[in-house]
Amino acid sequence: MNTKPPFFSIVIPTYNSGDKLATSLESILLQNFTSYEVIIMDSRSIDDTQAVATRYKKQLPSLRFISEKDEGIYDAMNKAIDLAEGTWLFFMGSDDSFYSPQVLGQIQQHTLVSNAKVIYGNAKIIGNTGWAEDGTIYDGSFDLPKLLNKNICHQAIFYNTRFIKEEVGYFEKRYTVTADWDFNLRAWAKQPFEFVNLTISNFVAGGLSSYGGDAAFSEDFLDNVMKYFGMDAFHPILNTPNFNRYQSVLKKQKLSDKHTKNAQPLKNKTLKNKLKKYIYQKVKAIYEKRIGTFFFKQKGFCPCCEQEVTFISRHQWLRDFFRCSNCNSIPRERALMHTIKNEYPNWQELIIHESSPGNRGHSVLLRQKAKDYLETQYFPNTPLGTLVNGIRCEDLEQQTFEDSVFDLVVTSDVMEHIYEPDKAFKEIYRTLKPGGAHIFSVPIINKHHATQRWANKGKDGNPEFLFEPEWHGNPVDKKGSPVTMHWGFDIVDYIKEHTGAETKIVYIDDLHFGIRAEYIEIVIMKKAL
């Protein structure tokens, strides 16, 4: 008898779903990875739902059918959480289905190389909902500002069961339509989710979440967000017109000011000083907002200088301005170093090649502590493989290195400037040892559509832009580097096509490490052992 617990617990809430249930059960049967249990939580259906479930019991011996009175779909899902024995939880509707037979196997493999507690992908929308049209692939990678405006489709999310049971808790039953959104916000506040560029399921419109509002959820939303994330109404993530509930934020700010004005005189000197400080901070925030000044400060630990620091930004574009007070690193550099440490804890012992390094952030730490670190730059009109002021000249598209020499190749915002990225990825892959990886930051500009080529190399060597010209800074060329690619999440498919390597995209949103910004994704291309 096999007593090993299943890897996945697949939960299907049902009520009079006899004409639909076979859809989800058939798609489960097609999965190549079979370590799962199926928990059908039924709300005393009066049709043939139980008969359908019983019919599939022979093919799905791990199927459990529980039919009892509940207080709605989220109560049924809460009961399933208590019953779940799998390592990972997945909730699906009775008429939803997995997008392909490989989904569970792909997620299982991803969990082996990830520390995430919640992993999510996309869902294909079948039919029109109130928030997506038929055929839409919904909805790519999320950061916190995006999650505050729309929810991730829960048919695309895998939750670590222990994380849910011990840290997040149950769905809020008072929210009859969108308790899953509240659930995701609470979970994200504990630990941001990790995106995988996979379509997980076919989500059929017409269910509970497709239409209708949730008055209780809407009324509580802003207060809940402030509570879960420790924010006030002046927090920059909330205090912006980009936030859908911005008008509610402004009302809270005015209410806060009103309470301050109506406060009774205080005799205690300590309380008076505290109140003066509070009023100063609020007035300062309002004043800065009116004159267009932005200020954001967060204490934490910098992965680049490895010190307790304060991260500060005086500009809304956090990607380039949210800096470490000690080493001046920016978010993508901290995300890159954080990922290197997570993926290769022994990084200091490895042979590392960094192309086009900078003079701050991860580059400084790699230079200082990696025992075998080599930096290269591309110097025009210079023979490849030669030294310029002690730095080796290399072209990523045609490198002079032998095969299989590096454990890690690191680049930071380089791959959007390569004219022939297929050649560059092939060359990087060639120089990696088995088990090695190319870990790099690159702005994923096209979050909702495919990669676009932005410029070609002209016969004279200058860029021929296909759209509006874009240039970024270049440490060895004053005129800068032309943007040649606007990458989308299909970069993983592009790399697979040209190198055969498995690739994943890591998204980190963690203020403790000063990692919050636009286009913060880190890509990991790994060479198989």
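**Strand S17 and its partners**

Analyst: In this predicted model, strand S13 (residues 351-355) pairs with S17 in the parallel sense, over four bridges.

User: Which residue of S17 is the bridge partner of histidine 353?
Analyst: S13 and S17 run parallel where they pair. S17 spans residues 406-412. The bridge partner of histidine 353 there is valine 409.

User: Is valine 409 buried or exposed?
Analyst: The cut-off for buried is under 20% relative accessible area. Valine 409 has 0% relative accessibility, so this residue counts as buried.

User: How many of the residues of S17 are buried?
Analyst: The strand covers residues 406-412. S17 is mostly covered. Its buried count is seven of seven.

User: Which residue in S18 does valine 409 stand opposite?
Analyst: S17 also pairs with strand S18 (residues 432-441), in the parallel sense over six bridges. Contacts of valine 409 beyond four places in sequence include Ala437, His438 and Ile439. The residue opposite valine 409 in S18 is histidine 438.

User: Which helix joins S17 and S18 in a β-α-β unit, and what is the handedness?
Analyst: The two strands pair in the parallel sense. The helix of the unit is H14 (residues 421-431). The handedness of the β-α-β unit is right-handed.

User: How far apart in space are valine 409 and threonine 431?
Analyst: Thr431 is among the contacts of valine 409. In sequence, valine 409 and threonine 431 are 22 residues apart. In space, C-alpha to C-alpha, the separation is 8.6 Å.

Notes
Residues are numbered from 1 along each chain as its sequence is written. This is a predicted model: local features need pLDDT of at least 70, side-chain atom pairs count only at pLDDT 80 or more; totals for chains, interfaces and linings use all residues. Side-chain values use heavy atoms; hydrogens and water are left out. Buried means under 20% relative accessible area, exposed over 50%, partly exposed in between (1.4 Å probe, protein chains only). Contact means heavy atoms within 4.5 Å. Two strands pair if DSSP finds at least two bridges between them. A crossover is right-handed if, with the strands pointing away from the viewer, the path from the first strand over the helix to the second runs clockwise.
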